Amino acid sequence: MAVWTCPECSRTYAYALEQCTWCRVPLVERDPPSATIVSLTEVSAPSVGHEDVPYWCALLRSEDGFRSIIKLDHAAVVGDTLQFGVKGAAELAVVGVLGTGTMGRSLSELLLGRGHRVVWCGRSAERLEAARVKLIDRLARVMDEEQIAAVQERLITDTGYASLSECDVVVEAVIEELEPKKAVLAQAETHMRSDAILATNTSGLSVDDLADALARPDNFGVLHFFNPATRMRLVETAIGSVTSDSTSEFLDVFARSLGKIPVRVAAKPAFVVNRALMPLINEAVRELEEGVAAAESIDEAVRLGLNHPMGPLALADLIGLDVVVDIMDNLAGRTGDDTYAPRPLLQSKVAEGHLGRKTGEGFYVYAPRPGV
Amino acid sequence: MESPYVLGVGKTRFGPTSKSLQMLAQEAILAALGDAGLGPDDIDAMIVGNFLGGPNEGQLHLNSVIAGLFPGLNIPSWRTEAACASGGVAIHQAVLSLSRYGTVLVVGAERMSDVVGMELTRNIGMAGDAILDQAAGLNFPANYALVAQAHMERYGTTTRDLELVSLKNHANANLNPKAHFFLKKVSQADIDGGQIVASPLRLFDCCPVSDGAAALVLSSKPRGKRCIPILGSAVSSDAISLAQRPTRTSFPAARDAARRAYAQSGLAPADVSLAEVHDCFTIAEIVAVEDVGLAAPGHATDLIRAGETAIDGRIPVNASGGLKAGGHAIGATGVGQLYELVTQLRGEAGERQVPGARVGLAHNVGGVGGTCSVHLLGGL
């Protein structure tokens, strides 16, 4: 429960403001470590965002007299004291990001936008610089020049891994293949502090296989963000067989600190979302192969019938058909279940180099953006 | 009632920022109060102009949010919404409320950069009729494209005229440190490369959407040497859908608001020395110049082609850069227009100062002319 107080007149503000409306001096942020419940209500009426009822809304009062509202998922009584502890280790951690692909850039954008210092590592100096320019361009849509300058000061780019020594947590988002990922993870780890957490953004490789490359597999787990990480709220979190309890807990805490909703999943192939999505895409491709309907019609029917924002074929084009085929191959290989294997039409598209939006053609043909 | 006076003005930079709405509003409020030489305890009432707090940020009831910037203070306040004219209408309400309240604070504030792309276009489209226009996909570029088509057909207005408006307003914005595109140089080549948004309007015919806030302190009594009288304040309205109006080359509500403001002030268009008009699209500036009587119907292009609407021209229009290049922080836009006029009339506009500015006109439009406000400031 943060509050901002004026050092001169002692007025308290509930918002992060730059100054006191009366005294025009900078405010001091206070974060009371504990507060007492002074009033409480059990809420039985669900609303969007608060579907699970009952829950409890408590009016809290800190020792200094600051008041705020908190949501509890369990019953409490007036007079109970709640401890908030010091700010979590996840708050404003220095974060390393490995990889300059779409997800690496999106993650860096998310982290920088939320005030973190970021160490961004990529092997190619040109690709790293191109990704950096694109990231700054994207942030300039939501920040002024001063804020962009501050972001640049919080961003370190490195074509090696040495700068990772200052990171509290490092998220790997390089190509979705086992050996390259293992190599990058192992090299990154040698430069990291021994207490720092290393997470992979893998969408479905085996956590334990990846952990084999590491000296400290207990500090390693999965943070699977969704594209674009700046806007998608889900993070699938998963752990390996030797991940420590504190690392396990940190994954969820860190995801929440980024404004995300972590969902804990078992370290099974493709986790929850891709395991559900890939068969849907594959079946839509099969429908196309069998002439059940045209691509546009399949997508329209799924959008309207299942209330999905985008049809499966258009979504596959957006993800990249090569990525889709990799995930499906991996699912089929690791489960031994051939029904997961990519359909022939998907394979032939990839063989022809039609990888979706990024190449201008997949299940659809994309016109180049005008004026760009 | 005595003539209302603007005692103080404040404005943030318009443009993308990650500052919260509260921070932006406070910055503008403190600037306006400081400019007026007053403190928070001197405010008798507050009116907040805002359009999209609900759909963009899930935040309605903004007058109360802004009241949170004044902990312990309980004063009358309310929020005004009239789409892109929210700011101008808030000022008009403030002028009327001076019959009861001595000193009134007007705050316009908007955050636009949290929502992007199609969702933002949909939200802005809420200023159009849900049944008559939104259902047909008539978003705002499309609305103003129909206005441009009609103006071209009837008066021979050309895409070159639209480009001249864009080039002028971008050049003016380069002189205004608070403008969205203060640092962006826009050339003919940039304009040529802009994609079609809704034919005939291209990218550089459209204003950006901005984050920002602006504030004014109004009083029925003059205070200090820098206060500026409001000579006329008027609002008018019309059917929301363009299809329900007899004309597409003019906004009857703007003409009516202008007529009322001129009548109150005893002034005529010939008395106006500069105008800030609602150029959400380049065609809108052309229509505005005609609607407020600075040119006869179909003849705004004569002024524009002759350079007479430039800062050093006979009747400078949008010396601030307008919405087109100064930025459009929707609820703040109408309030920001008065910030500009007051700054100009005080002779404090720096590099973009209009020489000999005596009477300023502000023209603020909601939707495609469904609501319009016109204000006249200064003195002969």
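**Reading the sheet**

Reply: In chain A, 4 strands make up an open sheet with antiparallel pairing, in the order 6-5-4-7. Strands here are DSSP runs of E with at least two residues, helices are runs of H or I with at least four residues, and both are numbered from the N terminus; two strands pair if DSSP finds at least two bridges between them. This is a predicted model, in which local features need pLDDT of at least 70, side-chain atom pairs count only at pLDDT 80 or more, and totals for chains, interfaces and linings use all residues. Residues are numbered from 1 along each chain as its sequence is written, and chains are lettered from A and ligands numbered from 1 in the order in which they are written.

Me: Which strands are the edge strands of the sheet?

Reply: Strand 6 and strand 7 (81-83) of chain A are the edge strands, as each pairs on one side only. From one strand to the next, the twist averages 40 degrees.

Me: How many bridges join strand 5 and strand 6 of chain A?

Reply: In a regular strand the side chains alternate between the two faces of the sheet. Here, strand 5 (residues 55-62) and strand 6 (residues 67-72) of chain A pair over 6 bridges in the antiparallel sense, and A58(A) stands opposite I70(A) in strand 6 of chain A. The hairpin of these strands has 4 residues between them, and G65(A) takes a positive phi near 95 degrees there. Strand 4 (residues 34-43) of chain A is joined to strand 7 of chain A by 3 bridges, again antiparallel, with S34(A) opposite Q83(A).

Me: At what angle do helix 7 and helix 9 of chain A pack?

Reply: Axes are lines fitted to C-alpha atoms, for helices over the stretch in contact, and angles run from 0 to 180 degrees between N-to-C directions. Helix 7 (residues 273-289) and helix 9 (residues 312-319) of chain A pack at about 115 degrees, their axes 9 Å apart. Residues are in contact if their C-beta atoms, placed from the backbone, lie within 7 Å; helix 7 of chain A contributes L280(A), I281(A) and A284(A), and helix 9 of chain A contributes P312(A), L313(A), L315(A) and A316(A).

Me: How many residues does each chain bring to the contact of chain A and chain B?

Reply: The size of an interface is often given as the accessible area lost when the parts come together. Counted by residues, this contact takes 22 from chain B and 19 from chain A.

Definitions and conventions:
Contact = placed C-beta atoms within 7 Å.
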